[in-house]
Amino acid sequence: MSATIATMEKATGAMSAAELASARHSRETVGDFTTANPRMTCRDVDVWYGSKQAIKGVSLDIGKNEVVSMIGPSGCGKSTFLRSLNRMNDTIVGCRVTGSIKLDGQEIYDKGLDPVPLRARVGMVFQKPNPFPKSIYENVAYGSRIHGLTNNKAELDGLVESSLQKAGLWNEVKDRLDQPGTGLSGGQQQRLCIARTIAVSPEVILMDEPCSALDPIATAIIEELIDELRQNYSIAIVTHSMQQAARVSQRTAYFHLGDLIEVGETNQIFTNPQHKLTEDYITGRFG
Ligand SMILES: Nc1ncnc2c1ncn2[C@@H]1O[C@H](COP(=O)(O)OP(=O)(O)OP(=O)(O)O)[C@@H](O)[C@H]1O
Ligand SMILES: [Mg+2]
């Protein structure tokens, strides 16, 4: 436990409710939340749903060519934080994000910034595979059409093939590209969604429990894919599986009741956590 938190928690006995709330808000993260080569930098990020604060002063970098895992008990704010990274929270009525979130040095919440192209640069893969009710081909080509990248048939053919290749799905679907994406198995659908995300050349891919609806074989395929994707993208993944976090990520961030409690090298977090809350969670005493 850092000296700041220890001092703060010792002092809380004499605090009013308001002081306690603001002290909780300033809980200091244990470990280095920065990274040498950041793609995204988040500083003092608060997220509110109406009057309820779901994320409290979180600072965290997402590095280039790295996978960062976000772990923590249900309701601690993992999905909320992830959604703030590509302004998906904008679509939730009453949700408010403050603080600084930069992509390549540019504030993504700047008034002038259009969230639609931002969501191509910071793509998202959801818990439940959600292919569009369209053909496999169109699922992958769709983003390119709506973002106005290309509408040329030969270029689209090449883009569809290369994206499906990168998502490790090409060999399984190359002879049925005109069939519905919804007709694929769950694991194939998830890889189709990854291909759709990759097709618009993102810099960052956000994944919210991407394997929770998949069997162990499909999960292993996606985990291998995540490791390969790291060569070209930055990845932030929310997972309830500590084994998965250990297998796929270089850094791990532990969230608890809206606070980022601890962040560090994945190996260190799982073998030598510095904060008691992290230790309790990873040893199964809590959550
Ligand atoms: N749309 C919403 N409106 C109001 N409150 C919300 C909304 N979405 C989430 N919350 C609240 O914000 C807090 C964080 O929720 P969030 O979904 O980010 O947690 P999580 O860590 O992803 O949980 P889980 O592991 O169960 O997916 C919770 O208290 C939740 O009830
Ligand atoms: Mg969630």
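Me: What share of the 287 residues in the protein chain is buried?
Reply: Buried residues come to 42% of the 287 in the protein chain. Keep in mind that this is a predicted model.

Me: OK. How many helices and strands does the protein chain have?
Reply: There are twelve helices and ten strands in the protein chain. The radius of gyration is 20 Å, close to the 19 Å from the globule rule for 287 residues, so the chain is as compact as a globular protein of that length.

Me: And what box do the C-alpha atoms fill?
Reply: Roughly 70 × 40 × 30 Å, taken along the principal axes.

Me: What about contacts, how much comes from residues 24 or more positions apart?
Reply: Such pairs account for 69% of the protein chain's contacts with a separation of 6 or more.

Me: Let's switch to strands. Is S8 mostly covered or mostly open?
Reply: Mostly covered: S8 runs over residues 234-238, and five of its five residues are buried.

Me: Which residues sit on each side of it?
Reply: Ser-234, Ala-236 and Val-238 are on one side of S8, with Ile-235 and Ile-237 on the other. Both faces are covered.

Me: In what sense does S8 pair with S3, parallel or antiparallel?
Reply: Parallel, over four bridges, with S3 being residues 67-71. Val-67 stands opposite Ile-235 of S8 there.

Me: And with S7, over how many bridges?
Reply: Five, and S7 (residues 204-208) also pairs with S8 in the parallel sense.

Me: New topic: H8. How many of its 13 residues are buried?
Reply: Twelve of the 13, so H8 is largely enclosed by the rest of the structure. Among the buried ones are Gly-187, Arg-191, Leu-192, Cys-193 and Ile-198.

Me: What covers them?
Reply: The cover for the buried residues of H8 includes strand S6 (122-125), helices H5 (136-146), H6 (153-166) and H7 (170-173), plus S7 and H9.

Me: Last one: what span should H8 have, and what do its end C-alpha atoms give?
Reply: H8 covers residues 186-198, and at 1.5 Å a residue its 13 residues should span 18 Å. Its end C-alpha atoms are 18 Å apart, which agrees.

Terms used
Residues numbered from 1 in each chain as written. Chains lettered and ligands numbered in written order. Predicted model: local features only at pLDDT ≥ 70, side-chain atom pairs only at ≥ 80, totals over all residues. Buried ≥ 20, exposed ≤ 12 C-beta atoms within 10 Å, placed from the backbone. Helix = DSSP H or I, 4+ residues; strand = E, 2+ residues; numbered from the N terminus. Pairing = 2+ DSSP bridges. Rg over C-alpha atoms; globule rule 2.2 N^0.38 Å. Contact = placed C-beta atoms within 7 Å. Expected span 1.5 Å × (residues − 1).
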